[in-house]
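Subject: Structure handover

Hello,

Here is the structure I promised to pass on. Please open it and keep it beside this message as you read.

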Amino acid sequence: MIGYSHLEEFIKTNGMEASFMESIRSLMEKYKEELIEIRQDFHMNPELSFKEYRTTEKIKELLVKYNIEIVDIGIETGVIGLLRGKEEGPTIALRGDIDALPIFEENNVPYKSRVEGVMHACGHDVHATSLLGAAMILSELRDEIKGNVKFIFQPAEEVNKGAKLLVEKGVMENPKVDAVFGLHNHPDIPAGKVGVKLGGLMAAVDTIRVQVKGVGGHGAIPNRTIDPIVASSAIIMGLQSVVSRNVNPLEAAVVSIGTINAGIANNVIPEEVRMTGTVRSFSKELRKELPSLLERNIENSAKAYGAEATLEYIFDLPAVINEEEMYKLGVAAVSEICTPEGIVDPIPSMGGEDFSIYMEKAPGCFYWLGVGNQEKECVYQWHNPKFNIDEDALPIGSGILAESVMKAIDYFIAKNKR
């Protein structure tokens with residue numbers, strides 16, 4: 001693993017010409033006010049997953065304005081843009097998600113959500129705006145681009161379905177994507193800084209469904225029943241031992257039950273209980289083992305109470321893992337936009353991100369864009385009704401994505417010459 005202290009030589013040998021970097025910084029400043037206006041427009045008009053129709057049209061309008069081709073892959077919401085550089089070469093994809101959440105906004109700001117019960121409480125308005133900013137910057141530098149850039153404005157990240165749909169529709173092909181970059185805002189990181197992590201950044205996300213069957217009866221005569229609720233209680237407690245006793249203490253894992261459904265009356269022991277939960281992990285090997293570990297624990301806990309239990313294990317999203325070569329490019333890109341002092345080595349999150357679906361098709365790097373600012377009260381976490389960001393981060397996000405493209409194209413051109 002490469003630590004930040006060992007990257008000085010890499011950054012020196014992968015730095016851009018000063019004049020070119022000045023062009024990117026100048027364009028970041030040029031578009032700052034427009035980016036703020038775009039973000040506030042998105043924020044005032046949030047749309048839920050697969051309903052991002054207005055957002056889609058707004059993005060298309062802006063891409064056309066900057067002479068970026070719209071690619072039709074057969075989706076109702078979301079947009080794919082393609083910028084062809086002056087020369088043939090690698091294709092680098094940039095991705096930003098665009099959907100909002102079913103949350104009532106509590107911020108008292110001029111750009112507060114105008115849609116009751118819907119809010120950009122996870123900052124996808126930030127991601128879409130940063131991606132548009134990168135498109136603006138790169139459109140002005142297209143004569144310097146020795147390859148192609150795909151701009152992926154993805155719907156439905158919040159329901160873990162958008163990336164899967166776009167990949168199924170061929171977004172990583174025609175032209176084939178060589179590398180993919182993206183970012184997610186982070187309120188714990190101050191605006192002006194960016195988190196770049198080697199290895200696991202966000203966890204794999206899996207879903208479990210458990211059905212526990214017993215024998216129903218009168219609540220006053222429990223000895224004539226097999227109580228699936230008692231068995232389910234034992235299962236829930238027992239599942240925690242999978243993490244504490246079956247998983248290596250040096251590896252991260254989470255097993256949480258989120259729903260329990262059973263019964264129709266207070267004095268009736270039901271026939272069955274249905275539960276759902278989430279499982280999080282980073283290690284690919286551990287992720288493969290978890291279904292059998294959970295199944296054994298669930299089945300044996302149920303048997304101890306005379307009940308039967310079955311497990312359905314659904315692999316939803318792999319982990320977001322920044323491999324070493326792409327991580328190096330990411331560090332070099334952030335170093336030139338924010339200087340090396342602007343890089344943060346972040347603590348990984350057990351939260352998930354469907355950006356990982358693209359990383360199964362091409363190598364990539366995922367950043368955490370700092371948006372926090374205590375003085376501006378930008379301190380609330382994702383999905384909070386008071387979530388907000390320091391908008392000074394918008395041109396930084398745009399610049400980092402644009403710089404990532406240039407770094408990656410140079411990397412693949414050099415690699416192909418070896």
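Below is what was found, from the whole chain down to single residues.

**Overall picture**

Please note that this is a predicted model. The protein chain has 11 helices and 16 strands. Its radius of gyration is 24 Å, close to the 22 Å that the globule rule gives for 418 residues, so the chain is as compact as a globular protein of that length. Along the principal axes, the C-alpha atoms fill a box of roughly 80 × 50 × 45 Å.

Of the 418 residues, 55% are buried. The accessible surface comes to about 18,700 Å². Carbon and sulfur atoms account for 49% of that surface.

**Aromatic pairs**

How many aromatic pairs does a search of the whole structure find? The search gives 7.

Start with Phe 181 and Tyr 367. Their ring centres are 6.5 Å apart and their planes meet at 15°, so this pair is stacked. Stacking requires planes under 30 degrees apart. The pair links distant parts of the chain. Phe 181 sits in strand 5 (residues 179-190), Tyr 367 in strand 16 (residues 364-372), and 186 residues separate them. Both residues are buried.

Next come Trp 368 and Trp 382. Their ring centres lie 6.4 Å apart with the planes at 65°, so the pair is edge-to-face. The cut-off for that label is over 60 degrees. Trp 368 belongs to strand 16, while Trp 382 is in the loop between strand 16 and helix 11 (393-417), so the pair ties together parts 14 residues apart in sequence. Are the two tryptophans buried or partly exposed? Trp 368 has a relative accessible area of 1%, so Trp 368 is buried. Trp 382 has 22%, so Trp 382 is partly exposed. The limit for buried is under 20%.

There is also a cluster. Phe 355, Tyr 358 and Phe 366 form it together.

Helix 11 has 25 residues. At 1.5 Å a residue they should span 36 Å, and the end C-alpha atoms are 36 Å apart, which agrees. Helix 11 is mostly covered, with 19 of its 25 residues buried.

Helix 8 (residues 284-303) has 20 residues. Where does helix 8 bend? The bend is at Leu 290, by about 35°, and a proline, Pro 291, follows within four residues. Both Leu 290 and Pro 291 are among the buried residues of helix 8. Others include Leu 286, Arg 287, Leu 293, Leu 294 and Asn 297. What covers the buried residues of helix 8 includes helix 7 (228-246) and several strands, among them strand 8 (204-213), strand 10 (253-261), strand 12 (272-281) and strand 13 (308-317).

Finally, look at Glu 360. This residue is found in the loop between helix 10 (355-359) and strand 16. Its relative accessibility is 54%, so Glu 360 counts as exposed; the cut-off is over 50%. The C-alpha atoms of Glu 360 and Val 320 are separated by 9.7 Å. Along the chain, these two residues are 40 residues apart.

Best wishes

Notes: Residues numbered from 1 in each chain as written. Predicted model: local features only at pLDDT ≥ 70, side-chain atom pairs only at ≥ 80, totals over all residues. Heavy atoms only, no water. Phe/Tyr/Trp six-rings, centres within 6.5 Å; stacked < 30°, edge-to-face > 60°. Helix = DSSP H or I, 4+ residues; strand = E, 2+ residues; numbered from the N terminus. Buried < 20%, exposed > 50% of the residue type's maximum accessible area, 1.4 Å probe, protein only. Expected span 1.5 Å × (residues − 1). Bend = angle between axes of the 7 residues up to and from the residue. Contact = heavy atoms within 4.5 Å. Rg over C-alpha atoms; globule rule 2.2 N^0.38 Å. Areas by Shrake-Rupley, 256 points an atom, 1.4 Å probe, with all protein chains shown as cover.
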